[in-house]
Amino acid sequence: SERLLWQVDEILGFGPDDASLFKAPLSFDISINEIFLPLVCGGRVVVLRPGGERDPHHLLGVIAEQRVTFTYLVSSMLDVLLEMAGDSGRLDSLRHVWCGGEVLTPELYERFRTRLDIPLYHGYGPAETTIGVSHVIYRGEAERLSTSIGKANPNTQLYVLDDELRPVPFGVGGELYVGGFLLGRGYVNAPGLTASRFVANPFASDGSRLYRTG
């Protein structure tokens with residue numbers, strides 16, 4: 001609930017006039033945002049037909065007809081919808097587009113901002129760290145850096161460490177580790193894999209762990 005309120009109040013500015021497009025399977029963590037973000041502030045949930053998330057024509061039609069204001073899209077689908085919509089105005093109801101799961105290229109962001117004068121939210125987070133560990137918000141002519149994953153979300157710690165779990169200097173390559181209450185417990189029936197990816201947190205004495213993103 002704390003994360004939902006943070007997104008509603010501090011990131012998105014959601015309100016009772018907003019409508020979220022629910023299209024992700026319930027087993028996919030982003031479905032929590034699609035369902036509950038509007039409900040905690042009196043907005044609407046627009047439920048897509050089963051399989052409709054794979055049909056860009058259906059997606060575009062529902063967004064326009066139901067006046068959807070929030071949707072989560074992977075970059076490739078955002079690219080397709082921008083191309084299909086053109087200057088038709090069928091995406092004009094959108095106030096918030098959250099993009100993740102794939103690389104957001106500077107070229108795609110440039111096309112997005114020339115078509116839609118709204119913020120683009122880009123999130124990063126592996127499945128082992130529900131729901132996401134970092135975000136960045138692009139507005140207007142903000143430069144899109146293809147290597148940036150933004151800043152850590154609340155109650156999340158991000159570290160770039162070497163092979164001995166020591167922080168690397170700026171400009172030196174390392175591996176990204178994630179800490180915080182959002183970490184999963186591990187992999188079902190795979191203790192060896194769990195031990196290799198979820199390691200003791202060297203920066204805390206409370207028994208917490210870090211996840212090695214690879």
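Asn-155 is partly exposed, because its relative accessible area of 38% falls between the cut-offs of 20% and 50%. This is a predicted model. Asn-155 sits in the loop that links strand E7 (151-152) to strand E8 (156-161). Its phi is positive, about 60°, although Asn-155 is not a glycine.

Leu-165 is another such case. It has a positive phi of about 60° and is not a glycine either. Its place is the loop between E8 and strand E9 (175-180). With a relative accessible area of 23%, Leu-165 counts as partly exposed.

A further point concerns a peptide bond. The one from Thr-130 to Ile-131 is cis, and its omega is near -5°. Ile-131 belongs to the loop between strand E5 (120-124) and strand E6 (134-138). Most residues other than glycine have a negative phi, and most peptide bonds are trans.

## Two domains

The protein is divided into domain 1, residues 1-152, and domain 2, residues 156-212. Taken over C-alpha atoms, the centres of domain 1 and domain 2 are separated by 28 Å.

How many residues of each domain are in contact with the other? Ten residues of domain 1 meet ten residues of domain 2. The size of an interface is often given as the accessible area lost when the parts come together. Here, domain 1 and domain 2 bury about 770 Å² between them. Carbon and sulfur atoms account for 72% of that area.

## Helices H1 and H2

Two packed helices are described by the angle between their axes and the distance between the axes. Helix H1 covers residues 2-12, and helix H2 covers residues 30-39. Their axes come within 10 Å and cross at roughly 70°. H1 is therefore roughly perpendicular to H2.

Which residues make the contact? On H1 they are Leu-4, Gln-7, Val-8 and Leu-12. On H2 they are Ile-32, Asn-33, Phe-36 and Leu-37. By class, this contact has six nonpolar residues, two polar residues and no charged ones.

## Cover around H2

H2 is mostly covered, with seven of its ten residues buried. The buried residues are Ile-30, Ser-31, Asn-33, Glu-34, Ile-35, Leu-37 and Pro-38. What do they pack against? Their partners are H1, strand E1 (19-22), E2 and strand E3 (70-73).

## Arg-44 in strand E2

Arg-44 lies in strand E2, residues 44-47. Its relative accessibility is 37%, so Arg-44 counts as partly exposed. Leaving out residues up to four places away in sequence, Arg-44 touches Asp-18, Ala-19, Ser-20, Pro-38, Gln-66 and Arg-67. Pro-38 is also one of the buried residues of H2.

Arg-44 and Phe-22 are 22 residues apart in sequence. From C-alpha to C-alpha, the distance between Arg-44 and Phe-22 is 10 Å.

## Ser-75 in helix H4

Ser-75 lies in helix H4, residues 75-85. Is Ser-75 buried or exposed? Ser-75 is buried, because its relative accessible area of 4% is under 20%. Neighbours within four places in sequence aside, Ser-75 is in contact with Cys-99, Gly-100, Glu-102, Val-103, Leu-104 and Leu-108.

Conventions: Residues are numbered from 1 along each chain as its sequence is written. This is a predicted model: local features need pLDDT of at least 70, side-chain atom pairs count only at pLDDT 80 or more; totals for chains, interfaces and linings use all residues. Side-chain values use heavy atoms; hydrogens and water are left out. Axes are lines fitted to C-alpha atoms, for helices over the stretch in contact, and angles run from 0 to 180 degrees between N-to-C directions. Helices (H or I, at least four residues) and strands (E, at least two) are DSSP runs, numbered from the N terminus. Angles under 35 degrees count as roughly parallel, over 145 as roughly antiparallel, 65 to 115 as roughly perpendicular and the rest as oblique. Contact means heavy atoms within 4.5 Å. Ala, Val, Leu, Ile, Met, Phe, Trp, Tyr, Cys and Pro count as nonpolar, Asp, Glu, Lys and Arg as charged, and the others, Gly among them, as polar. Buried means under 20% relative accessible area, exposed over 50%, partly exposed in between (1.4 Å probe, protein chains only). Domain bounds come from an automatic or database domain assignment. Buried area is the accessible area (1.4 Å probe) that two parts lose on being put together, summed over both.
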